[in-house]
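Trainee: I should like to learn how to read this structure. May we take the features one by one?

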Amino acid sequence: MILKTLTFTEAPANAGRDPVLARRQKLVDRLEEQINLVKNPNFAPKVKRWIADEAGNRKLTETTKRVTPWWVTDQKGEVYLSVKSGLKRLEFEKGKTAIKVGASSKLQSVLQTLVEATKSGELDALLTASSTPFASKKK
């Protein structure tokens, strides 16, 4: 009769999961991947994925994740960094989706600054705006 001392109930949906914190952590993880890509251009982390064979049997395999750089270099050698959330670029100001880094040697410190800003919650409004579903078009 030990179980009689416990109170049973239905678990609430999304218990303990704050979507803002989840978006923030996901962006931090992706920014850290970019930092690793700056340090090592051949950076390719290992991930585990379930893959089905011809017979439909699922098997856990380890593959490499492709990490593409979020920065471009123009003809003058200036580096521009875009921060992505999902498939969208974050729009820091109206029409401005890139950060002018300047020299490529500054790229790692700019990425580290973005990690700190994300952890402190400065990009929460941008992350929330980028994750909203498509608004219906006005006619």
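**Strands, Helices and Confidence**

Mentor: Let us begin with a pair of strands. In this predicted model, E4 pairs with strand E7 (residues 98-102) in the antiparallel sense, over four bridges. Within this pairing, valine 79 stands opposite glycine 102 in E7.

Trainee: In what order do the three strands of the open sheet lie?

Mentor: The order is E3-E4-E7, and the pairing is antiparallel. E3 and E7 are the edge strands, as each pairs on one side only. On average, neighbouring strands of this sheet are turned by 25° against each other, direction ignored.

Trainee: Over how many bridges do strand E3 and strand E4 pair?

Mentor: Strand E3 (residues 71-73) and strand E4 (residues 79-82) pair over three bridges, in the antiparallel sense. The bridge partner of tryptophan 71 in E4 is leucine 81. The two strands form a hairpin with five residues between them, where glycine 77 takes a positive phi near 95°.

Trainee: How should I picture the side chains of a strand?

Mentor: In a regular strand, side chains alternate between the two faces of the sheet.

Trainee: How many bridges join strand E1 to strand E2?

Mentor: Seven bridges join strand E1 (residues 46-52) to strand E2 (residues 58-64), and the two run antiparallel. Lysine 48 has glutamate 62 in E2 as its bridge partner. E1 and E2 also form a hairpin, with five residues between them, and glycine 56 in the turn has a positive phi of about 90°.

Trainee: How does one describe the packing of helices?

Mentor: Two packed helices are described by the angle between their axes and the distance between the axes. Here helix H1 (residues 19-39) and helix H2 (residues 107-119) pack at about 170°, and their axes are 9 Å apart. H1 and H2 are therefore roughly antiparallel to each other. The crossing in which H1 passes H2 is left-handed.

Trainee: Which residues in H1 meet H2?

Mentor: Among them are Leu27, Val28, Leu31 and Ile35 in H1, which face a set in H2 including Leu107, Leu111, Leu114 and Val115. By class, the contact of H1 with H2 has nine nonpolar, four polar and four charged residues.

Trainee: Which strands does H2 lie across?

Mentor: H2 lies across E3, E4 and E7, and runs at about 25° to E4.

Trainee: What is the mean pLDDT of the protein?

Mentor: The mean pLDDT is 87, and 91% of the residues reach 70 or more. Where pLDDT is low, the predicted coordinates should not be read in detail.

Definitions and conventions: Residues numbered from 1 in each chain as written. Predicted model: local features only at pLDDT ≥ 70, side-chain atom pairs only at ≥ 80, totals over all residues. Heavy atoms only, no water. Axes fitted to C-alpha atoms, helices over the stretch in contact; angles between N-to-C directions. Parallel < 35°, antiparallel > 145°, perpendicular 65-115°, else oblique. Left-handed = near helix turned anticlockwise from the far one by under 90°. Contact = heavy atoms within 4.5 Å. Nonpolar A, V, L, I, M, F, W, Y, C, P; charged D, E, K, R; others polar. Pairing = 2+ DSSP bridges. pLDDT = per-residue confidence, 0-100.
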